[in-house]
Amino acid sequence: MPKIVCAEDDKLISTSLIEGFKAAGFEAIPAFDGEEALAKIRDEKPDVVLLDIMMPRMSGFEVCQKI
């Protein structure tokens, strides 16, 4: 099953995305800030990363640069 890390700090949007991805057959892993996203990317080794640009602790751009 393909894995997606979904980094989104808005809980309502994150929940909607995660539920939609799971319904479509993906393993969806939420992250609520940039540092958490980076840690989950390292630990989970996902096939896809969906990054919000404006997040607390580290922006989506910064996460993208680090990966």
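Select Asp10 and Leu12 at the start of helix H1: a side-chain oxygen of Asp10 comes within 3.0 Å of the backbone nitrogen of Leu12. That is a polar contact (a pair of N or O atoms within 3.5 Å, where one must be able to donate a hydrogen and the other to accept it; residues adjacent in sequence count only if both atoms are side-chain atoms). The model is predicted: local features need pLDDT of at least 70, side-chain atom pairs count only at pLDDT 80 or more, and totals for chains, interfaces and linings use all residues. Residues are numbered from 1 along each chain as its sequence is written, and side-chain values use heavy atoms, with hydrogens and water left out.

Now show all of H1, residues 11–23. Helices (H or I, at least four residues) and strands (E, at least two) are DSSP runs, numbered from the N terminus. Gly25 follows H1 and has a positive phi, near 95°.

Next, select the largest nonpolar core, which has 10 residues: Val5, Ala7, Ile29, Ala31, Ala37, Leu38, Ile41, Met55, Met58 and Val63. Such a core is a set of buried Ala, Val, Leu, Ile, Met, Phe, Trp, Tyr and Cys residues joined through side-chain atoms within 4.5 Å. Buried means under 20% relative accessible area, exposed over 50%, and partly exposed in between (1.4 Å probe, protein chains only). Strand S1 (3–7), strand S2 (27–31) and helix H2 (34–44) each supply at least two residues of this core; H2 gives the most, with 3 residues.

Move to the salt bridges (a side-chain nitrogen of Lys or Arg within 4 Å of a carboxyl oxygen of Asp or Glu). The count is 4. One of them pairs Glu44 with Lys3, the closest N and O atoms being 3.4 Å apart. Glu44 lies in helix H2 and Lys3 in strand S1, so the pair ties together parts 41 residues apart in sequence.

Then select Arg57, which is exposed at 58% relative accessible area. Arg57 forms a salt bridge with Asp33 at 3.1 Å between the closest N and O atoms, and another with Glu35 at 2.5 Å, N to O. Shared partners join Asp33, Glu35 and Arg57 into one network.

Finish with the cysteines. The structure has 0 disulfides (pairs of cysteine sulfur atoms). With a cut-off of 2.5 Å for a disulfide, the sulfur of Cys6 is too far from the closest cysteine sulfur, in Cys64, at 15 Å. Cys6 is buried, at 1% relative accessibility, whereas Cys64 is partly exposed, at 48%.

Key
Expected span 1.5 Å × (residues − 1).
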